[in-house]
Amino acid sequence: MSTIRTEQLGDVLLIEINNPPINAGSLTVRQGLTEAIQQLQAQSDLRAGVIIGGGTTFVAGSDLREFGQPLQDPQLPTVIAQIEACSKPIVAALHGAALGGGLELALACDARIALADTLMGLPEVTLGMIPGAGGTQRLPRRIGVSRAILMICSGERIKADKALALRLVDEVVPADLQAHAIELAQRLAGRKYRIRDEHVPTEDAAIIEQAEQTALSAGKRRPAVLAAILAVKNAAILPVDDGLVQERAMFQQLRLSADAFALRYQFFAEREATKLPASLQAAPRPLQTVAIIGAGTMGAGIAICALDAGLNVILLEQDSAALQRGQQRVTDHYQGRVSAGKMKASLAAANEARLSPTTDWAQLSRADLVIEAVFEELAVKQEVFKKIDQYARAGAVLATNTSYLDVDAIAKATTRPQDVLGLHFFSPAHVMKLLEVVRGAQSSPEVLATGMALGRQLKKLPVLTGNAFGFIGNRIYNAYRRQCEFMLEDGAWPEDVDAALQGFGFAMGPFAVADLTGLDIAWRMRKSQAANRDPRERYVAILDQLCEQGRLGRKTDAGYYTYVDGKKSKTTDAVVRNIIEQASLQRGVSRQALSAAQIQRRAMLAMVNEAALLLQEGIASRASDIDVVLVQGYGFPRWEGGPVFWARQQERVAMERDLQTLAAESGHGFVVADLSVLLA
């Protein structure tokens, strides 16, 4: 079937794009649009045209698979030039989404009309590129340079009402989009309105500078951010054709950059991660009511996620005081959203109305899914699951929110282990997108499908993982953190390691992160594992000694770093340095300073090695799932693609050689993986 369908409706040519599922602007779409515009120009009985998307959307972006290859003609700028050169007006009828090339196509038309729920944006910078078909030149002509910088550099998506206020669309209608678009086209007949002919609004230089600095900070000064700012500012100082030429040149260079390849890889990896392997695919069980046991920070965050998704929520606590605190957390969240103008009061009230706080365990019988979110201790969770087993209805899905505990050991507390799975939410649960869906030994395919469906309904990225200590994310992060601790004994200071890994692209280094989350969390976990630890393994006791001295991180104003009024010291103090030096002495290590490059490579090799072990053991279903987990949940720089993608860019022989060296330095217990499972 052709990706472009045309139909003459009186004196208007309807041009419909049909390239499901998102009407991506592929080569065949561009070819079809070219032919349709030529038809509109040639037919004397046609006075105007309408471009509309078939199905559920207008054009939600270009076909990203084309960007890593030589682009075939006609390219999008050629199609856009045809639209602007056509003597007859063309209306863009928008619904669903007009993103990237879709919005650029719309901005080239003479007018735009949209349904109220349409989303619009130029997300190219988030994919390591810039808009390459006039977005950086036409957008600022309507909304100004400063607003265009912020919108393009962040990949911001706006709804139709905001687009109307910004003059990006001319009309917003509640329904009958095609009919309204044809009527608008008929009103425009005989006239042309090209955004390219408009002047960029005058702005104070200080406002533009502020927008530029905001974008640079948020975008980590990545090449695409720098190029986008330059291109947008060009719109105000260059003739439009010169601005378009420079924009296209920057786009062509950036689409083949390392950042762009990594970001496109991550984009497709995220889409793949939400799918279960073929052997586990099944229909999910119906979900309308969710019960959450535990109304602490995590439980309340999960409740907010479920309420935002339109689910009914039963929030269960052991006593009225704890329940009241949990309910207040939910109320405070929604009041804050309303006060900040980020949510309508009516929607917040409707969400809160679906919350049923209770201390009555019998209420669990109403739930389709029960999520336990209590203290991270196996015995405590097992006791809770015994009660869940007693009260939850037959066929309900039973989930434990655990970071590293054995899901099978928890499932054994019930008479229905086939209904049990793990749902590892990341804190804060109502903000973080990642959700690890943990497969127990007896978890049924329907239960796993329900867990994945819940993740999507909560607008998260659900990733399937096997049941092993730490699952995917925490297991790799533990290997990374452990290697960083080895480097402390070998000669680095915490600030050296943190600075090097921030330089690599992590938002924070591992020791700053540990202080932020609380050193006692890892300390408690390490103590729970102590009985099973091989005494021959290299074990760094620095963190334990800090905790024994009451240095638990930010919450005690001292951890690896000290804190005054919440501000972190730039370097570690004498107490920490003495503990580290004593640890080196006891290990018999002659301390040698490590360069940033050495720190980065050792940390990365530790992650890569653990990723390969996870694949060998079948804990991760796909190598790309590992990259999704590390990027979405652990601050791994998105523009590096993830540890697996990073490894695939390295020279294999050198990496295997360096892994052997790392194993020798790491001592007993460091298992060298077969990297071929990652590099295939």
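Biologist: Which residues line the largest cavity?

Modeller: In this predicted model, the lining of the largest cavity consists of Gly25, Val29, Arg30, Leu33, Val59, Ser62, Leu76, Gly101, Gly102 and Leu105. Helices α1 (27-42) and α3 (101-108) each supply at least two residues of that lining. The cavity has a volume of about 60 Å³.

Biologist: How many nonpolar, polar and charged residues make up that lining?

Modeller: The lining of the largest cavity divides into 5 nonpolar, 4 polar and 1 charged.

Biologist: Which residues lie nearest the centre of the second largest pocket?

Modeller: Phe469, Asn478, Arg482, Gln529 and Glu537 lie nearest its centre, among 35 lining residues. The space in this pocket is about 980 Å³. Two or more lining residues come from each of α18 (473-490), α21 (519-529) and α24 (596-617), and α18 gives the largest share, 8 residues. By class, the lining of the second largest pocket holds 13 nonpolar, 10 polar and 12 charged residues.

Biologist: What describes the packing of two helices?

Modeller: Two packed helices are described by the angle between their axes and by the distance between those axes. For α18 and helix α20 (residues 510-517), the angle is about 115° and the axes are 10 Å apart. Angles of 65 to 115 degrees count as roughly perpendicular, and α18 and α20 are therefore roughly perpendicular to each other.

Biologist: Which residues make the contact between α18 and α20?

Modeller: Helix α18 contributes Tyr477, Tyr480, Cys484, Glu485 and Leu488, while α20 contributes Pro510, Phe511 and Val513. This contact of α18 with α20 has 7 nonpolar, no polar and 1 charged residues.

Technical notes. Residues are numbered from 1 along each chain as its sequence is written. This is a predicted model: local features need pLDDT of at least 70, side-chain atom pairs count only at pLDDT 80 or more; totals for chains, interfaces and linings use all residues. Side-chain values use heavy atoms; hydrogens and water are left out. On a 1 Å grid over the protein atoms alone, a cavity is a set of points where a 1.4 Å probe fits but cannot get out, and a pocket is an open set with protein on both sides within 12 Å along at least five of seven lines; lining residues have an atom within 4 Å of a point. Grid points are joined across faces, edges and corners, and a volume is the space filled by probe spheres set on the points. Helices (H or I, at least four residues) and strands (E, at least two) are DSSP runs, numbered from the N terminus. Ala, Val, Leu, Ile, Met, Phe, Trp, Tyr, Cys and Pro count as nonpolar, Asp, Glu, Lys and Arg as charged, and the others, Gly among them, as polar. Axes are lines fitted to C-alpha atoms, for helices over the stretch in contact, and angles run from 0 to 180 degrees between N-to-C directions. Angles under 35 degrees count as roughly parallel, over 145 as roughly antiparallel, 65 to 115 as roughly perpendicular and the rest as oblique. Contact means heavy atoms within 4.5 Å.
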